[in-house]
Amino acid sequence: MMKKLLLGGVVSAAIMMQGFAAEPAKQPQLTPEQQAQLMQMLQQQQAKAITVDEAFKGLPADVASYSGKIFTKKELLAIISQGLPGGKLPPGVTAERAMQMAPELIKSMVTKNLLLDAAKKAGIVPSAAMVKEVLESQIKNATAEQKQMFAQMLAQQNTTVEQMIAKQSADPMIQESIAIEEFLKKVVFKDVKVTEADALKFYNANPDNFVQPGDPADTLRASHILVMVKENATDKEKKDAENKINAILAELKAKPADFEKLAKTNSQCPSGAQGGSLGAFGKGQMVPEFEKAVLALKDGEISGVVKTQFGYHIIRRDAAMKEHKLSFGQVKDQLVSSLKGMEEQKVFQQYVAELLKKADFKLLFSVPAPAAPAPAPAAK
C-alpha cells in the first residue's frame, strides 16, 4: 500500500523493472482450452527468462561514483533482485534491453541515496515510528469510500489494520521511502502552491481537456452490489451471504434511489466506492450470468439476486454515457491536485539535477549502442 512511486522516477528497482515488460492489453474471457494454452505459453516464456546476473554480466564491478563513494554492481544486483521472483527478469526481457536500462536504474538508486542523506541532514531519519505515524494519519484522513476499499483489501488478505501497520513499519525500504516523501513534502515542496484561481485559469484555457467521450455503441453500462461467497465457503457462510443480499434487495425495492448509498456501505467489490458503478464494458468482458442479467434490464431497472462464481449480485443497468464536458466544480479538487503535482515534478527534477551535480555523479561504464535491426530481404 505504502510503496509509492516518488516523483521523478525515484523508485525501488523492483518497481522500475516492471517497465521492462509491456503493459498487458485487456482481453476478453478465455475458454478453458485457451486458458490452458496461455498457461503453457507463459510457462515456456518463464523457463526462458534470464537471471539478474545474466542480464547485467556486462557491467564492471564499479558502476558509478558520487560524493567520493563508489556504487557497485553488487549493490545494484542486490536491490534489483529483491523484487523479482526467483531472481529472474520478466519473460521476454533480453540482456541487451536490461543493459540499456542500467544507467537510469543506477541513477535512480544513487538519487535515492542522495535524497536519504539530505533528509537525514534535515533531521528526517527513517524509522518504524515514522511509517506508523504516516499510515495512521492516512487511514484517519481517508474518505469513507477509501476506508471501505481498504477494509475489503485487508479482509481478502485475512489481516487486520494493526498487523498491516506493524508489517509495513518494520520494512526498511518503506521506512526509507516514507522518510524521503516527508523530506520532499516538508523541505523541497514547502513553497509549492496552486490556488483555485490557478485551476480555473487552466480549466478555461484548456476546454477540450475536460470533454468526456460517450460510450462506444457496442458497450453496456451497469452498477452492482456484490456480497462475495468464497469458493470454500461453509453452508452457514453461504446462507449468511444469501440473507444479506436479500435484505439489501428488500431495501432497494422500498427505495430504489438508495442504490449508490447501499453499494457504498454494503458492496464487497471495489466499485462500491463509486456507488457500484462498473462503467462501460464490452460484451464478453463479464461472466455470462452477469451479462445476461444486464441485457435483460432496461435503463435504470434493478435486477433481482444474480448468482455468479463471485457471489450474489444486485445489478442496475445504467444509461449509456453521452459526450459531455465536466463542470469546473466536478474537476476542481482533482485539477488543483494535478497542477500542484506538476509543479512539484518541476521542482523535484531541478532539485535532483542539482544534487547529482553537487555529488559529481558519474557512470563508470558505457552502454553499447543497440544492435541495428536486420535489413529487410531484397524484393525479387
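Me: Is Asn158 buried or exposed?

Reply: Asn158 is exposed, because its relative accessible area is 72%. Please bear in mind that this is a predicted model.

Me: Where is Asn158 found?

Reply: Asn158 lies in the loop that runs between helix H7 (144-156) and helix H8 (161-169).

Me: And what is its phi?

Reply: The phi of Asn158 is near 55 degrees, which is a positive value in a residue other than glycine. Most residues other than glycine have a negative phi.

Me: What about Ser67, which also has a positive phi?

Reply: Ser67 has a phi of about 50 degrees, and Ser67 is not a glycine. Ser67 belongs to the loop between strand S1 (62-66) and strand S2 (69-72). With 41% relative accessibility, Ser67 counts as partly exposed.

Me: Turning to another loop, where is Gly275?

Reply: Gly275 is placed in the loop between helix H12 (259-266) and strand S5 (277-282).

Me: Buried or exposed?

Reply: Gly275 is buried, because its relative accessible area is 1%.

Me: Which residues is it in contact with, leaving aside its neighbours within four places in sequence?

Reply: Gly275 is in contact with Ser223, Phe259, Glu260, Ala263 and Lys264. Lys264 is 11 residues away from Gly275 along the chain, and their C-alpha atoms are separated by 5.3 Å.

Me: Phe259 is on that list. Which charged end sits over its ring?

Reply: That of Arg316, at 4.7 Å from the centre of the Phe259 ring. In another such arrangement, the charged end of Lys307 sits over the ring of Tyr312, 5.9 Å from the ring centre.

Me: How many aromatic pairs are there in the whole structure?

Reply: A search of the whole structure finds five. In one of them, Phe202 and Phe210 have ring centres 6.4 Å apart and planes at 85 degrees, so this pair is edge-to-face.

Me: Why is that angle edge-to-face?

Reply: The planes of Phe202 and Phe210 are at 85 degrees, and plane angles over 60 degrees count as edge-to-face.

Me: What do Phe281 and Phe290 form?

Reply: Phe281 and Phe290 form an edge-to-face aromatic pair, 6.5 Å from centre to centre and with 65 degrees between the planes. Both residues are buried.

Me: Which residues do ring pairs link into a cluster?

Reply: The cluster consists of Phe202, Tyr203, Phe210 and Phe328.

Me: Now the helices. How do the axes of H6 and H9 cross?

Reply: The axes of helix H6 (residues 128-141) and helix H9 (residues 172-188) come within 9 Å and cross at roughly 65 degrees. H6 and H9 are therefore roughly perpendicular to each other. Their crossing is left-handed.

Me: Which residues meet there?

Reply: From H6, Ala128, Met130, Val131 and Val134 take part. In H9 they meet Ile174, Gln175, Ile178, Ala179 and Glu182.

Me: To finish, what does the secondary structure of the whole protein come to?

Reply: The protein has 14 helices and nine strands. Of its 380 residues, 37% are buried.

Me: And how many of the contacts with a separation of 6 or more are between residues 24 or more positions apart?

Reply: Such residues account for 76% of those contacts.

Definitions and conventions
Residues numbered from 1 in each chain as written. Predicted model: local features only at pLDDT ≥ 70, side-chain atom pairs only at ≥ 80, totals over all residues. Heavy atoms only, no water. Phe/Tyr/Trp six-rings, centres within 6.5 Å; stacked < 30°, edge-to-face > 60°. Buried < 20%, exposed > 50% of the residue type's maximum accessible area, 1.4 Å probe, protein only. Lys NZ or Arg CZ within 6 Å of the ring centre and 35° of its normal. Axes fitted to C-alpha atoms, helices over the stretch in contact; angles between N-to-C directions. Helix = DSSP H or I, 4+ residues; strand = E, 2+ residues; numbered from the N terminus. Parallel < 35°, antiparallel > 145°, perpendicular 65-115°, else oblique. Left-handed = near helix turned anticlockwise from the far one by under 90°. Contact = heavy atoms within 4.5 Å.
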